[in-house]
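Reader: I've got a model open and I'd like to learn how to read its surface. Could you walk me through it?

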Amino acid sequence: MPEMPKPETPRQRRWDPVVKLTHWAVALAVLANAVITEEGSAAHVWVGYALVAILALRLLWGLIGPAEARFSAFAPSPRKALAHLGDIAAKRHTVHRSHNPLGALMVYAIWGTLLVIIGTGVAMAGLPFTPGTERRVEQSVSLAATAGSVNEAAEEGEDDASEDGKADEEGGEGPLGEVHEAAVNLLYGLILLHIGGVLFESRRQKRNLALAMLPGGG
């Protein structure tokens with residue numbers, strides 16, 4: 001009796017070095033500005049400039065890179081994302097040559113949010129290596145220091161100084177600062193959803209998808 005063919009299992013995806021490099025470089029830049037650098041400091045601003053270069057490289061790679069890294073391999077499609085949800089509900093496993101449809105929407109959402117963060121950040125700090133950049137950075141540092149002093153005064157019960165300082169801070173931040181902060185908070189939420197999606201798909205497919213993004217993995 002002939003042996004019955006085994007059902008096809010999803011093939012382990014292979015990500016190229018540029019995709020891996022930009023993925024982890026973006027993660028490190030976001031982490032650095034979230035927990036290491038001080039908001040408004042020179043280090044914070046220069047990490048932001050580095051993020052511009054990293055994201056630009058990844059977007060360029062989406063045009064000239066290998067097939068699975070190109071935009072055409074994971075074009076955003078709400079219809080396909082809904083179909084993928086149906087596959088999950090029906091416990092069907094479909095092989096995708098790049099990100100699955102839900103993952104693709106997440107990638108574009110993260111990229112779009114990063115562009116807003118970068119755009120508002122550069123608008124506030126200015127372009128690097130241009131006249132006035134260091135002055136604007138120093139002003140940002142001064143504003144951050146003032147905000148810190150205001151917080152200390154508030155803890156000591158100096159209510160009047162606290163109110164004046166908060167008004168100055170709000171006036172100095174302006175609409176760009178508010179959009180920047182809102183986009184950063186949105187990015188944190190998207191990152192948590194992204195990690196949750198990777199863990200869920202790893203469990204569903206019974207293989208560690210994160211390994212494909214590690215050096216030497218996948």
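Reader: Let's begin with area. How much accessible surface does the chain have, and what share belongs to carbon and sulfur atoms?

Author: Keep in mind that this is a predicted model. The chain exposes about 13,800 Å² of accessible surface, and carbon and sulfur atoms hold 64% of that.

Reader: And what percentage of the residues is buried?

Author: Of the 218 residues in the chain, 33% are buried, a label that calls for under 20% relative accessible area.

Reader: What is the secondary structure made of?

Author: Six helices and zero strands, so the pattern along the sequence reads α-α-α-α-α-α. As for contacts with a separation of 6 or more, 71% of them link residues 24 or more positions apart.

Reader: Why does Ile 36 count as exposed?

Author: Because its relative accessible area is 66%, and exposed means over 50%.

Reader: Which residues gather in the patch of negative charge?

Author: That one is built from Glu 38, Glu 39, Glu 178 and Glu 181. Glu 178 belongs to helix α6, which spans residues 159-205.

Reader: Why is Glu 178 called partly exposed?

Author: Because its relative accessible area is 49%, and partly exposed runs between the buried limit of 20% and the exposed limit of 50%.

Terms used:
Residues are numbered from 1 along each chain as its sequence is written. This is a predicted model: local features need pLDDT of at least 70, side-chain atom pairs count only at pLDDT 80 or more; totals for chains, interfaces and linings use all residues. Side-chain values use heavy atoms; hydrogens and water are left out. Buried means under 20% relative accessible area, exposed over 50%, partly exposed in between (1.4 Å probe, protein chains only). Patches are made of residues with over 30% relative accessible area and no salt bridge: like charges are joined within 9 Å, nonpolar side chains (Val, Leu, Ile, Met, Phe, Trp, Tyr) within 5 Å. Accessible areas come from the Shrake-Rupley method with a 1.4 Å probe; for residues, only the protein chains shown count as cover. A salt bridge is a side-chain nitrogen of Lys or Arg within 4 Å of a carboxyl oxygen of Asp or Glu. Lys and Arg count as positive and Asp and Glu as negative; His and the chain ends are not counted. The place of a charge is taken as NZ of Lys, CZ of Arg, CG of Asp or CD of Glu. Helices (H or I, at least four residues) and strands (E, at least two) are DSSP runs, numbered from the N terminus. Contact means heavy atoms within 4.5 Å.
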